[in-house]
Amino acid sequence: MKNFVAGIDFGTTNSSAAISDGGSPRMVEVEAGKDTIPTALFFPEKSDKVYFGREAQNKYTGSEVNGRFMRSMKRILGTDLMRSGTLINGRPVKFETIIGLFIKHLKKKIDSAAGTPVDSVVMGRPVHFRDNDPEGDKRAQDELERIAKSAGFKNVAFQYEPIAAAFAHEQNLTSDKLAFVIDIGGGTSDFTVINLSPERKYSLDRTLDVLANTGVRIGGNDFDKSLSLKVFMPLFGMGTEYKSYNKNIPVPTSPYISLSTWSSINDVYNYKTLNMVRGYVTFGLEPEKMHRLYELIENRLGHTNLNYVEQTKMKLSTEMSVNVNLSFLSDKPNLNAQRTVFEKAILQDILKIEKSIEECLLQANVTKSDIELVILTGGSTEIPYITQIVHKHFPKADISSVDRLSSVGLGLAYDSIRRYAEYLNLNKQKVK
């Protein structure tokens, strides 16, 4: 029986995997007919069962709404929350265990696709798990390595996600290219300047080909948050006031921020917050809006609402204006989202992304005009504002945007072939 190796792109929003027995890697069907899976879990109430991906989303927003739904666990790696954990159906559970369940689910799909247990994997990682926090960054990788080994992998290596994307695109090159990789996922934006070559695509050591790496902890989840706070949350009373002792006092923003952040929605599902909002319904100057907030929290509809936000963001990539009906609320309010308003809301994040691009070019000691190929990967690179930035910075470069959601997983598998060549019994002439 042949040996197989794997690459896993454990993403903030979506995940994927690819395998190889030494030949060209192939994507793993991680869900029925899909080679990507939402990085999501749902724990139904009064049950030991756990659902993953789209099934988790459907169960949570469908009839089995009672339970704990979780997304964006990758952002917790390296933080204090990894040690403190959370409550699931009244029981304390470590986040290492929760993430481990998802990685084990991916490994089952990998083993099934290979027809044999796969022991060796290259895991993708952002350039920075934690911004300006080297200790937290190392801790995050160490945690993910422990999780992968507890899932059943014996050999675990790591590769920067933008470099992996470059390896995937390199397979189709017919000439040398100085490339700039832009990887904007759900949680991070990562950038790499790398020399790509059809002659060196099998080389084990690519150290000298990678000229620079930079990254910033900004991604699609942050864009969701900005759109939610700017366009959606005002319908729930954000920016309004309540009366207290004949004074008008602004309603606190904290519940709105939590409800606009994928990883912290569950934080508002408690009696204290619900009781506080009940007071705003009674004493608020716009009680109908506060009633929506109360309904959102009482019925645990935060993830449903943020799904509407995410879908609106995606539609704004092709439309200038989107009308939205929040049909999951009792009064079914309407809102209108404008692309120009969205772009203004994410301006500060875009400026940080541009700064990281400039830093990457500076570190590599190359100019914008030196770049011959720009590789776009990650779902957020489809945002027109991002596309404009790319064309502004690299007007002379060819733009490659194929397989935006799967190129990292595929590239990690190519890297896995090189790293585990001996395990695959490959001819040394092939892997230099």
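Me: What makes strand E5 and E6 a pair, and in which sense do they run?
Reply: Strands here are DSSP runs of E with at least two residues, helices are runs of H or I with at least four, and both are numbered from the N terminus. Two strands pair if DSSP finds at least two bridges between them. Strand E5 (residues 40-44) and E6 have 2 bridges and run in the antiparallel sense, so they qualify as a pair. Leu41 stands opposite Phe52 in E6.

Me: What should I know about the model and its numbering?
Reply: This is a predicted model, in which local features need pLDDT of at least 70 and side-chain atom pairs count only at pLDDT 80 or more, while totals for chains, interfaces and linings use all residues. Residues are numbered from 1 along each chain as its sequence is written, and side-chain values use heavy atoms, with hydrogens and water left out.

Me: Why are E6 and E7 said to stand at the edges?
Reply: The open sheet has 3 strands in the order E6-E5-E7, with antiparallel pairing. Strand E6 (51-52) and strand E7 (67-71) each have a single partner strand, so one side of each lacks a neighbour in the sheet.

Me: How many bridges join strand E12 to E13, and what do the two strands form?
Reply: Strand E12 (residues 177-184) is joined to E13 by 8 bridges, and the two run antiparallel. They form a hairpin with 4 residues between them. One of the bridges has Lys177 with Leu196 of E13 as its partner.

Me: What pairs with strand E13 in E14, and over how many bridges?
Reply: Strand E13 (residues 189-196) and E14 pair over 6 bridges in the antiparallel sense. Ser189 stands opposite Val216 in E14, and Gly215 of E14 is the bridge partner of Asp190.

Me: What makes E13 and E14 mostly covered?
Reply: Buried means under 20% relative accessible area, exposed means over 50%, and partly exposed lies in between (1.4 Å probe, protein chains only). In E13, 7 of its 8 residues are buried. In E14 (residues 210-216), 5 of its 7 residues are buried.

Me: Why does Pro162 count as buried?
Reply: Pro162 has 0% relative accessibility, which is under the 20% cut-off, so the label holds. Its place is in helix H5. Helix H5 (residues 161-170) is mostly covered, with 10 of its 10 residues buried; among them are Glu161, Phe167, His169 and Glu170.

Me: Which residues is Pro162 in contact with, leaving aside its neighbours within four places in sequence?
Reply: Contact means heavy atoms within 4.5 Å. Pro162 is in contact with Val127, Val181, Asp183, Asp190, Phe191 and Thr192. Asp190 is also the residue whose bridge partner in E14 is Gly215.

Me: Why does the radius of gyration of the protein chain agree with that of a compact globule?
Reply: The radius is taken over C-alpha atoms, and the globule rule is 2.2 Å times the number of residues to the power 0.38. For 432 residues the rule puts a compact globule near 22 Å, and the protein chain has 23 Å, which agrees. The C-alpha atoms fill a box of roughly 80 × 50 × 40 Å, taken along the principal axes.

Me: How many helices and strands are in the protein chain, and what share of its residues count as buried?
Reply: The protein chain has 14 helices and 20 strands. Of its 432 residues, 57% count as buried. Among contacts with a separation of 6 or more, 67% come from residues 24 or more positions apart.
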